[in-house]
Amino acid sequence: MDQVLENAVELFKKIEENEKKNQSIKPFLRPGSKSFFEHDFRIRMFNNNSNKNKKTIELKQTYTCIKKHTSYKKWEDFKKITLKEMYVNKVHEGRYLEGKVAYEPFFITAIQSLIQDENGDLEVFSVYNLNRNYDEDPKLLLPLGATVRIKEPFLKMAASGNGMFSVRVDSPSDLEIVILTEIPKSIQDNSILYEKFNKDGNEFFSQKKFLQAIRSYTKALTFKDCVKSYSNRALAYLKLECFQSAFLDAEKSVHLEPNEKGYFRLGLSLYNMRQFEKSLEQFEKCLELNSKNKEAKQEIKKCHERIQETKGIYDFSYLIRNSGKDNLRIDVADYVSDKIEIIDIPKKGKGVIAKVDIPKNTLLVGSKALSISYDCEFLSRYALIAYNLLNRTVDKNSQCLNLLNLIYKMRNDPFLSEQVYKLYGGNNFDRDQKINPSIIDTERIENIQTFNAFKAEDFRFIHEKNFDSSGVWYYPSYFNHSCLENCMRIYFSDFVIIYTGRDIKQGEELTVSYFPLESIEEREKISKQFGFKCTCEICEMDRKDSVFNKKRQEILKDIDKVKDNFDSKKIASLVEKVRNTYKQRHKYKYDLIKPIGYLGNKLLQEGKVDEGLKCYIEIFDLAKESGYHYIAIRTAIIIADSYQATFRLNEAKIWRKKAHDYFPFDPNFKDYLKVSQSFF
Ligand SMILES: C[S@@+](CC[C@H](N)C(=O)[O-])C[C@H]1O[C@@H](n2cnc3c(N)ncnc32)[C@H](O)[C@@H]1O
């Protein structure tokens with residue numbers, strides 16, 4: 001077994017043992033000497049530095065932290081606690097811990113340092129989810145000497161600490177950091193110091209050290225309220241994608257004195273928070289001050305395009321051109337049709353219904369992911385193993401990374417945060433309770449991700465593992481599942497459109513399929529993870545058909561084993577066997593799709609083109625009837641391509657039209673649907 005995995009398993013065992021042993025620990029007796037802690041820290045630092053070349057990512061919270069989130073409450077509602085009073089593996093409800101950062105912090109899986117309380121007692125202190133930027137200097141995020149306050153502190157057995165404990169913070173909004181500026185308060189309006197810090201800020205900025213630049217501008221601003229420093233700090237925030245902070249600074253800058261750069265940066269922060277109308281206003285103000293500002297003109301054009309999109313007017317050629325492997329995130333606005341609404345659906349939570357009759361192929365929703373991560377963006381598989389062991393999960397790279405990204409984005413964009421908190425996060429959370437968007441409740445966010453994350457199944461890289469993804473979309477998250485979906489989803493990188501796959505009656509629920517139409521067992525397994533049991537017509541029929549279904553699955557398994565070695569005749573006889581299991585049933589014989597696909601492939605390989613095509617035509621009909629739209633489109637294209645290749649251009653045209661009927665919005669859509677013949 002891989003050494004890394006072995007080490008991780010060891011680590012995992014140790015945590016479990018320690019947790020068991022310490023279940024009954026009462027007041028915790030700590031050695032309390034600073035030199036002891038510093039010695040331990042040096043060892044950790046050494047281990048950490050020896051791994052310097054391996055990039056690692058910070059980890060999120062563990063499930064062992066059963067702490068309920070308390071940021072909804074005010075600081076005044078909590079009573080102070082000191083380290084001496086704390087217990088191990090206990091959440092100290094209604095209390096807060098205050099202390100100073102007593103050691104230069106560093107990253108292991110979280111930012112780690114020592115906290116020293118008012119009695120001079122020390123404890124290790126770990127902060128998770130504080131920042132996404134791995135190259136960031138932790139000393140800047142949690143500076144030595146800064147005062148910190150932690151709500152409902154949790155003294156936890158530390159995973160990396162050989163029996164050490166640490167005061168652990170998972171949700172950054174449980175923590176308040178007072179950063180010392182090292183500037184005596186008595187010095188007021190010192191323009192020399194202002195110049196010095198402002199210059200430092202510019203220097204750091206030019207070196208792309210944006211966090212340092214922000215710190216310097218902040219110091220500079222304590223001496224003088226200056227338009228330029230606010231505006232420059234806004235730009236540094238923009239570089240770090242901290243859009244809300246950028247917005248506040250740019251706003252201060254133009255408030256002090258209307259200025260071109262200030263309006264431009266205000267426009268950019270609003271644009272990035274997807275407030276296109278408001279953003280347009282700022283770029284126009286910028287142009288009023290300088291009618292020759294080319295960049296502002298370009299941004300105005302983009303704003304107009306986005307505003308058109310919010311009306312459902314999309315340029316699909318633009319979407320196709322600007323999405324794909326080279327561009328995993330597309331600049332596009334959201335749209336929701338006024339023909340649909342979100343209501344409570346019995347036994348399903350919320351869902352989407354049609355307010356009026358809606359014809360087939362009506363665009364209902366266009367939505368860009370609130371956050372998305374791709375497998376190819378992951379930094380370290382070591383971190384993934386540790387992450388899964390600590391969390392007792394089997395999350396993929398993209399899922400783990402997306403949680404971190406989502407948290408980061410929520411901290412920097414209140415509009416986005418507000419949308420995330422509206423989504424279903426399991427029954428333990430009251431979703432109607434209004435949450436301050438600046439609160440980061442990692443447990444809740446994680447639950448929201450569990451119930452609402454999907455992968456962006458962009459046709460163009462659907463088979464490539466590296467492009468596996470995990471994203472969260474806002475409006476699409478309200479669509480419930482049905483194996484017999486009546487809507488279709490098409491992805492353009494991280495942008496998805498949802499439209500009706502057939503005519504819909506007023507009041508009918510609109511559904512999409514969360515997973516492929518595999519066997520009922522497989523579907524039930526996945527839907528159980530989502531916490532529901534599908535009751536669509538196909539599922540009900542499958543459940544009634546259980547004896548034949550079992551037989552069918554056995555034959556399908558056999559076919560899988562032999563499909564590469566058998567010729568078309570032998571495969572055809574196995575297909576017949578599957579067909580026989582459907583004798584009692586006249587509808588939804590979707591399990592025939594795969595074996596007939598194998599047969600069609602084999603026939604094409606043997607040069608029996610017409611027989612092969614007959615198979616594909618049957619697949620098209622089966623997929624169409626079962627509402628398995630993706631397969632229907634792909635099959636129609638394969639058929640069209642095969643006719644084209646054998647110069648039967650008329651048939652090719654007919655089949656291209658059938659594929660195109662599934663997506664009537666743009667004549668060039670066929671370019672998007674370049675699928676490989678090797679699909680089956
Ligand atoms: C993406 S959300 C869909 C919207 C959700 N119903 C809500 O209230 O926001 C997924 C969750 O919806 C519920 N759900 C989805 N499809 C369902 C179905 N067919 N039957 C029952 N519950 C369903 C499950 O709780 C699932 O975890």
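Predicted model: local features only at pLDDT ≥ 70, side-chain atom pairs only at ≥ 80, totals over all residues.
Colleague: Which residues have the most contacts inside the largest nonpolar core?

Modeller: A nonpolar core is a set of buried Ala, Val, Leu, Ile, Met, Phe, Trp, Tyr and Cys residues joined through side-chain atoms within 4.5 Å; buried means under 20% relative accessible area, exposed over 50%, and partly exposed in between (1.4 Å probe, protein chains only). Here the largest such core has 107 residues, and Leu-319, Ile-340, Phe-479, Phe-492, Ile-497 and Leu-510 have the most contacts inside it. Helix α22 (residues 629-645) supplies the largest share of this core, 10 residues. Helices (H or I, at least four residues) and strands (E, at least two) are DSSP runs, numbered from the N terminus. Domain 3 (316-538) and domain 4 (545-672) each contribute at least three residues to this core, the domain bounds coming from an automatic or database domain assignment.

Colleague: With which residues is Phe-479 in contact, leaving aside its neighbours within four places in sequence?

Modeller: Contact means heavy atoms within 4.5 Å. With those neighbours left aside, Phe-479 contacts Ile-340, Val-352, Leu-364, Val-365, Cys-487, Ile-498, Leu-510, Thr-511, Val-512 and Tyr-514. There is also a second, separate core of 57 residues, and Ala-234, Tyr-237, Leu-240 and Cys-303 are among its members.

Colleague: How many helices and strands does the protein have, and what percentage of its residues is buried?

Modeller: The protein has 24 helices and 19 strands. Of its 680 residues, 53% are buried. Among contacts between residues at least 6 apart in sequence, 68% join residues at least 24 apart.

Colleague: At what angle do the axes of α18 and α19 cross?

Modeller: Axes are lines fitted to C-alpha atoms, for helices over the stretch in contact, and angles run from 0 to 180 degrees between N-to-C directions. The axes of helix α18 (residues 546-562) and helix α19 (residues 568-580) cross at roughly 165 degrees and come within 9 Å. Angles under 35 degrees count as roughly parallel, over 145 as roughly antiparallel, 65 to 115 as roughly perpendicular and the rest as oblique. The pair α18 and α19 is therefore roughly antiparallel. Their crossing is left-handed; a crossing is left-handed if the near helix is turned anticlockwise from the far one by less than a right angle, and right-handed if clockwise. On α18 the contact is made by Arg-552, Ile-555, Leu-556, Ile-559 and Val-562, and on α19 by Leu-574, Lys-577 and Val-578.

Colleague: How does α19 pack with α20?

Modeller: The axes of α19 and helix α20 (residues 593-605) are 9 Å apart, at an angle of about 160 degrees. These two helices are therefore roughly antiparallel to each other, and the crossing of α19 and α20 is left-handed. Ser-568, Ile-571, Ala-572, Val-575, Val-578 and Arg-579 of α19 make the contact with Pro-595, Ile-596, Leu-599, Lys-602 and Leu-603 of α20.

Colleague: How far apart are the axes of α21 and α22?

Modeller: They are 8 Å apart, and helix α21 (residues 609-625) packs against α22 at an angle of about 155 degrees. Hence α21 and α22 are roughly antiparallel, and their crossing is left-handed. Among the residues that meet here are Tyr-616, Ile-617 and Phe-620 in α21 and Ala-632, Ile-639 and Tyr-643 in α22.

Colleague: Is Arg-552 buried or exposed?

Modeller: Arg-552 lies in helix α18 and counts as buried because its relative accessibility is 0%. Not counting residues up to four places away in sequence, Arg-552 touches Asp-545, Val-578, Thr-581, Tyr-582, Arg-585 and Asp-591.

Colleague: Is Lys-301 buried or exposed?

Modeller: Lys-301, in helix α10 (residues 294-309), counts as exposed at 54% relative accessibility. Arg-411, in helix α13 (residues 397-412), counts as partly exposed at 35%.

Colleague: How many residues of α15 are buried?

Modeller: In helix α15 (residues 442-452), eight of 11 residues are buried; they include Arg-444, Glu-446 and Phe-451.

Technical notes: Residues numbered from 1 in each chain as written. Heavy atoms only, no water.
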